[in-house]
Amino acid sequence: MNDTPKDFAHHDTPLNLPSNRSEPEFVSDAIAELLGQMNFDYVFLLPGASYRGLHDSLVNHNRNINPEIILATSELSAASMAHGYAKAADKPSLCILHDLVGLMNGSMGLYNAYCDRTPILFLGGAGPLDPDQRRFIEWNHSASTQADIIKDWVKWTDEPPTGNSTLKSIIRGKTIAETAPPGPVYVSIDTHIQEQLVDESMEPIDTTLKRYNAPPPMGPNDEALAEAVETLINAEFPVIVGGRFGIYERMREPLIELLELSGAGAFNDRAVYCWPSGHPQNLSGDKDALREADVIFCLDCIDINNVMGTYAIRRRSDIVEAREKAPPKIIDMSLNALDNNSWTAFGGPTPPVDLQIVCEPEYGVTRFINAFKKALCANTNSRSRIEKRKMLLAERHDRLRATQTAIARKDWDQSPIKVERMIHEIYQAVKNKPWTLTSANHRSFNEVVWNFPGAGAYLGADGGGGVGYNASAAIGAALALRDKGRFCVSIGGDGDFLMAPGCIWSAVHYGIPMLHIINNNSTWGNDEVHQVEIAHNRNRPTENAWIGQAMRDPIIDFAKVARGFGAWAEGPVKTPDQLTDILGQAVVEVEKGKVAIVDVTTTLGRAS
């Protein structure tokens with residue numbers, strides 16, 4: 001039997017084209033050429049008549065290269081693939097959606113990208129804006145204006161009325177998307193304009209595009225920076241909380257340097273892993289650390305209230321204790337002050353911040369490190385205090401990890417498989433590969449079962465909580481990771497997978513190797529736990545919590561579904577020993593270039 005994966009993508013090579021490419025004939029040809037000059041390697045899309053002109057130009061004028069078409073099976077998948085690709089490739093991505101209905105179907109993907117501050121240029125076919133040019137169906141799919149339905153969760157929108165203005169709008173949109181704080185933009189491209197002939201009215205575009213780059217990063221205020229340095233040096237128990245920029249590997253070494261230089265405790269914000277799991281100053285998971293800290297330095301944390309735990313219902317004893325103790329001094333280094341939206345409440349209420357350093361946080365960290373070094377040279381007495389702090393932190397780290405290990409190991413061999421055991425076995429299967437974890441149920445993670453080397457090893461969560469992100473985003477990320485020679489592994493829930501299972505076809509078709517684990521508790525687990533909690537609080541029977549939640553009778557055969565799309569798949573895996581063996585097989589298949597799906601039967605998790 002030939003185990004070599006079939007090359008389906010070669011079918012996407014255009015035929016019968018001339019050996020040399022001609023000058024743009026239609027406006028859509030000019031648009032396609034421009035996209036090719038803007039460093040877009042791929043375009044994620046689902047076909048639609050509203051951009052048939054551009055689709056033709058991408059294939060027959062650009063020859064399906066720069067950008068190459070990645071066909072999705074739903075608009076949500078297309079948007080999520082673009083989202084995952086942008087994070088893994090560390091650059092803006094490109095997605096095209098059909099007018100109105102396609103935009104509505106993919107709108108949740110745009111919202112996720114907006115909350116996750118991910119730069120994506122979304123193009124949407126539109127109109128024709130001229131009613132006299134519309135077919136009957138185009139009346140149903142036209143709006144005034146189309147972008148109104150997503151304006152509240154993108155950085156910028158435009159509906160350019162001419163070919164020239166369309167080209168300029170695309171250039172401006174990409175620049176806005178990648179200007180910090182980054183995010184998605186949406187440009188409508190009129191159907192009728194796309195199909196117009198290029199004439200002398202079309203203005204030439206500067207092909208180098210060097211004059212249309214995003215501006216350099218915004219630096220911190222010097223006085224605020226100096227105050228933050230002094231505060232951290234003089235603190236008794238400072239804690240640094242690493243935020244969203246932890247998805248980028250370029251932040252790994254600077255963050256480690258900052259940690260060891262400052263002698264502070266380290267904590268991860270929600271859905272990121274900024275610090276090496278085994279670093280002796282890493283206190284992630286220590287719920288008391290933030291309560292005991294006298295200084296909390298938040299770096300690129302989108303929701304500081306969530307960091308501080310102010311959303312949780314607090315016990316009376318906690319409130320009394322909080323009143324008796326002086327609150328910690330909170331320093332915020334981020335662009336949160338510039339990222340306001342009156343429609344969505346994402347990011348929470350105004351946080352209690354004592355010192356706000358408004359700057360691009362990656363650049364801010366570099367400036368902070370330099371300032372901290374200068375301060376240490378001027379005040380050598382502080383070095384001994386910092387070293388003493390580091391010794392105490394190392395002891396606390398060891399106690400924390402011992403406690404976490406004991407908790408994780410409880411019911412270690414049970415079936416259905418404990419989530420911590422599943423995660424441990426996945427890590428054991430990939431730990432010697434150049435792995436990147438692209439998506440996961442972050443609430444299930446414990447750093448004693450998966451050892452993170454620091455920033456850049458995990459690409460974070462969906463951002464907006466829109467279900468249906470994980471598998472599709474993993475495919476987009478895996479495409480970028482394939483080009484980097486990295487091993488893609490992702491973990492997603494059974495409910496999330498059901499939202500867009502067709503995305504697996506795209507991965508198989510384009511030969512995008514990846515290992516995707518389905519964390520299958522056969523229910524909408526997060527919500528079932530909520531039902532248990534509310535029934536308990538109301539003194540009602542908790543045994544009814546599964547009704548309207550559980551996906552059983554029949555149990556879904558996810559492996560069969562995945563095999564139907566051409567993937568290698570196994571499951572349901574019900575015991576730890578079985579899981580170890582099947583994961584070993586799955587890793588071999590991925591290394592052959594295949595898509596491997598493993599369905600794992602797990603215990604019910606906990607509510608968020």
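Me: Which residues of helix 13 are buried?
Reply: In this predicted model, P361, E362, G364, V365, F368, I369, F372 and L376 of helix 13 are buried, where buried means under 20% relative accessible area, exposed over 50% and partly exposed in between, with a 1.4 Å probe and protein chains only. They cover an arc of only 140° around the axis, which puts them on the same side of helix 13; the arc is that of the directions from the helix axis to the C-beta atoms. Helices are DSSP runs of H or I with at least four residues and strands are E runs of at least two, numbered from the N terminus.

Me: And what sits on the face turned away from the buried side of helix 13?
Reply: That face carries the exposed residues K374, C377 and A378.

Me: What do the buried residues of helix 13 pack against?
Reply: They pack against helix 8 (222-234), helix 9 (252-262), strand 9 (295-299), strand 10 (329-334) and helix 14 (382-409), with contact meaning heavy atoms within 4.5 Å.

Me: How far apart are the end C-alpha atoms of helix 13?
Reply: They are 25 Å apart, which agrees with the 26 Å that its 18 residues (361-378) should span at 1.5 Å a residue, the expected span being 1.5 Å times one less than the number of residues.

Me: Changing topic, where is L283, and is it buried or exposed?
Reply: L283 lies in the loop between strand 8 (265-268) and helix 10 (287-292), and because its relative accessibility is 1%, it counts as buried.

Me: What does L283 touch?
Reply: Leaving aside residues up to four places away in sequence, L283 touches F237, G265, A266, F267, A289, L393, R396, H397 and L400. The C-alpha atoms of L283 and V239, which are 44 residues apart along the chain, are separated by 8.8 Å.

Me: How many cavities of 30 Å³ or more are there?
Reply: The structure holds 2 of them, a cavity being a set of points on a 1 Å grid over the protein atoms alone where a 1.4 Å probe fits but cannot get out.

Me: What should I keep in mind about the numbering and the cut-offs?
Reply: Residues are numbered from 1 along each chain as its sequence is written, and side-chain values use heavy atoms, with hydrogens and water left out. As this is a predicted model, local features need pLDDT of at least 70 and side-chain atom pairs count only at pLDDT 80 or more, while totals for chains, interfaces and linings use all residues.

How values were computed
On a 1 Å grid over the protein atoms alone, a cavity is a set of points where a 1.4 Å probe fits but cannot get out, and a pocket is an open set with protein on both sides within 12 Å along at least five of seven lines; lining residues have an atom within 4 Å of a point. Grid points are joined across faces, edges and corners, and a volume is the space filled by probe spheres set on the points.
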